Amino acid sequence: MFANKVTINIEDGVHTRIAAMIVQKASQIKHKYNLELYIKKYENSEPLAISMLALLSLKIVKGETVEILCNDDSLNGKKAIIELCDFI
């Protein structure tokens, strides 16, 4: 499983509009590379599939670190993770 950390620098954290943008980008990447992406707060328990409900339930605020994960260790998995992290 490949993972990468991102620190959230969005002033109001991940609210509904930002979560929708992240979910839309994750969906595009998912279809582009044909794989699943997950998110979790850094050093937190179970990763969640990227969705509106998952992002909003994490209550991510500015300065927090999240981890984006992929269950595919291939080059495509790494590209997908990096692409989403760059977007965030």
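**A walk from strand to helix**

Guide: K40 has its place in strand β2, and the model in which we look at K40 is a predicted one.

Visitor: Is K40 buried or exposed?
Guide: A residue counts as buried when its relative accessible area is under 20%. For K40 the relative accessible area is 15%, and therefore K40 is buried.

Visitor: What is the relative accessible area of E67?
Guide: E67 lies in strand β4, which covers residues 65-70. Its contacts, once neighbours within four places in sequence are set aside, include A3, N4 and K5 as well as Y38, I39 and K40. E67 is buried, because its relative accessible area falls under the limit of 20%, and the value is 14%.

Visitor: How many Å apart in space are E67 and F2, C-alpha to C-alpha?
Guide: Along the sequence, E67 and F2 are separated by 65 residues. In space, from C-alpha to C-alpha, the separation of E67 and F2 is 10 Å.

Visitor: Which strands stand at the edges of the sheet?
Guide: The sheet is open, with 4 strands in the order β1-β4-β2-β3 and antiparallel pairing. An edge strand has a single partner, so one of its sides is left without a neighbour in the sheet. The strands in that position are β1 (2-7) and β3 (48-49).

Visitor: Which helix packs on the sheet?
Guide: The helix in question touches β1, β2 and β4, and its direction makes about 10 degrees with that of β1. That helix is α3.

Visitor: Why are α1 and α3 described as roughly antiparallel?
Guide: Helix α1, residues 16-33, and helix α3, residues 75-87, pack with their axes 10 Å apart. Angles over 145 degrees count as roughly antiparallel, and therefore α1 and α3 receive that description, their packing angle being about 160 degrees.

Visitor: How many residues in the contact of α1 with α3 are nonpolar?
Guide: From α1 the meeting residues include M21, I22 and I29, while those from α3 include A80, L84 and F87. Of the residues in this contact, 1 is polar and 4 are charged, while the number that are nonpolar is 8.

Notes. Residues are numbered from 1 along each chain as its sequence is written. This is a predicted model: local features need pLDDT of at least 70, side-chain atom pairs count only at pLDDT 80 or more; totals for chains, interfaces and linings use all residues. Side-chain values use heavy atoms; hydrogens and water are left out. Helices (H or I, at least four residues) and strands (E, at least two) are DSSP runs, numbered from the N terminus. Buried means under 20% relative accessible area, exposed over 50%, partly exposed in between (1.4 Å probe, protein chains only). Contact means heavy atoms within 4.5 Å. Axes are lines fitted to C-alpha atoms, for helices over the stretch in contact, and angles run from 0 to 180 degrees between N-to-C directions. Angles under 35 degrees count as roughly parallel, over 145 as roughly antiparallel, 65 to 115 as roughly perpendicular and the rest as oblique. Ala, Val, Leu, Ile, Met, Phe, Trp, Tyr, Cys and Pro count as nonpolar, Asp, Glu, Lys and Arg as charged, and the others, Gly among them, as polar. Two strands pair if DSSP finds at least two bridges between them.
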